[in-house]
Amino acid sequence: MSDESLFRFVDIPRQMPRRVPVKVRVMGHDEIYGDFLPDDAGEQAGRCIDCGNPYCEHACPLHNYIPDWLKLVQDGHLTAAAELMHQTNPLPEVCGRVCPQDRLCEGACTLEQGDFGAVTIGGIERWVTDQAIRQGWRPDLSRVRSIGRRVAVIGAGPAGLACADVLVRHGVEAHVFDRHEEIGGLLTFGIPPFKLDKHVIRQRRRVLEDMGVHFHLNTEIGIHRRFDDLLNDFDAVFLGTGAYRAIDGELPGRDLHGVHAALPFLIANVRRILHHQPLDPRFDVAGKRVVVLGGGDTGMDCVRTAIRLGASEVSCVYRRDEANMPGSRREVQNAREEGVNFLFHRQPLRIVGDTQVEGVDLVETKLVDDGSGRARPQNVLGSEKVLAADVVIIAFGFQVDPAEWMDQAGIEHLASGRTIAGGDGRLPHQTAHPRVFAGGDMVRGADLVVRAVLDGREAGHAMARMLRAELQAA
Ligand code: FAD
Ligand code: SF4
């Protein structure tokens, strides 16, 4: 590499795709980042110094071949870059949009460590895939031969989709079942459209269908189809059913009118947009003072949705400080710009009101080091104060709620509800039932899209290897 290209990062600053101005973006639910211009994407990719020890690649849970596809983008080889991206990730356009890159690939970029600003890895990943699919590119499966085996995938979230993608690439027929009317899991019915437009998932559905994946939607296993039947009809089953039991902190007053769990609030808004239907009136926050309890990704999505639905005032209450917030810093910054008021060092004690919520009783906290590695909030006695609210949304996170049919099939779980998969002499991601594999949030607990994708891919490879070995032994 010449000196000129090696030091390009000095002259060319890090640049994100353009953002819609705040005043415009809060008026609707469209994605807030626009497209790179083709020259900008190539220029930004050219900032990579190919440092020889790609920390970005190590920090990406999928170990994407980042410097290699950045070079292809820089040289203008769009479809080759898309093909390479898909070797490790079936959803690059999704991860490019929703991964907390500041904590993963971009946080580890050598340029970021040197204070030059990381290469915009996520933005480029998204741009390449969007463009390639728009231009008609599809994964090349022309050399794949059927091995005559069928697998049922329960859950069309990122774990299930990643598993199905790998299976069809191995010549295994993949049938994906989901209780919702659309694929995507939390990508569709959780993450709001201003972070991830729903057409992106519909477009990915078409790509997967073109690859041969079969979707059976509006089908809840345990209600519309028996799990036993799937075990009989298919050679193996992958479970990617997620983590959906909302943690409510057992807060007194949580049953008052106007108190909502985060996910029903977010889903009501997505359904309104997807099906062009009016908003469920329970979640109409227009002109109201909204308080969101919790400072994770879900909390950020709720505050920003409330702003767009016309709330008069939106506050986010978090018991630690900003530096200790669990979600992406980028999303906190976006929320602040959009007018969200942050109350740090506050612990909710109870929600107050008669039948309708009137406020939240908050106590101040200070952080103490208890040696656990993460500062623990301690209540400051006598600092209680009521924050007035018309609507309270609880966003404390989610736990896994194993279905009865899983227990009946002998699929083991921990006391926390998380499914036990892999380890103990089993194949990767194999559960206590030898023909059933599992991954994503139901195994890890509520986590990240990219790690659900990783699990689904690894499980898909393990299942395909198992089925091939059985064929050879037969
Ligand atoms: P899910 O995405 O939950 O998919 C599980 C699927 O299984 C669902 O479609 C469900 O309908 C289906 N299912 C369950 N039971 C059955 C059954 N019996 N029969 C048929 N179908 C069934 N992560 C990020 O990386 N970045 C973010 O910005 C981000 N934002 C988030 C925002 C919110 C509001 C939430 C809740 C989570 C967010 N996450 C984010 C986390 C991320 O969405 C999850 O970690 C990821 O979706 C988990 O994937 P999964 O495939 O394991 O489960
Ligand atoms: Fe970064 Fe996520 Fe893409 Fe990996 S998948 S390169 S962590 S944006």
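**Exercise 1.** Which domains each give at least three residues to the shell around ligand 1?

*Solution.* Keep in mind that you're looking at a predicted model. Start with the ligand and its neighbours: 36 residues surround ligand 1. Now sort them by domain. At least three come from domain 2 (150-244 + 400-473), and at least three come from domain 3 (246-398). Next, pick out the closest ones: Gly155, Gly157, Gly185, Gly242 and Gly440. Finally, look at the helices. α12 (158-169), α16 and α20 (449-473) each put at least two residues into the shell.

**Exercise 2.** Work out how the shell around ligand 1 divides into nonpolar, polar and charged residues.

*Solution.* Take the classes one by one. You'll find 16 nonpolar residues, then twelve polar ones, and then eight that are charged.

**Exercise 3.** Explain why strand β7 (residues 289-293) is largely enclosed by the rest of the structure.

*Solution.* Go through the strand's five residues and check each for burial, which takes 20 or more other C-beta atoms within 10 Å of its own. Four of the five pass, so β7 is largely enclosed.

**Exercise 4.** Find the strands that pair with β7, and say in which sense.

*Solution.* Begin with β8 (residues 313-317): this strand and β7 run parallel, joined over five bridges. For one of them, look at leucine 293, whose bridge partner in β8 is valine 317. To get from β7 to β8, the chain goes through helix α16 (residues 297-308), making a right-handed β-α-β crossover. Then turn to β14 (residues 391-394), which also pairs with β7 in the parallel sense, over four bridges. Here, valine 291 sits opposite valine 392 of β14.

Note on methods: Residues numbered from 1 in each chain as written. Chains lettered and ligands numbered in written order. Predicted model: local features only at pLDDT ≥ 70, side-chain atom pairs only at ≥ 80, totals over all residues. Buried ≥ 20, exposed ≤ 12 C-beta atoms within 10 Å, placed from the backbone. Pairing = 2+ DSSP bridges. Right-handed = clockwise from strand over helix to strand, strands pointing away. Near = placed C-beta within 6 Å. Nonpolar A, V, L, I, M, F, W, Y, C, P; charged D, E, K, R; others polar. Domains from an automatic or database assignment.
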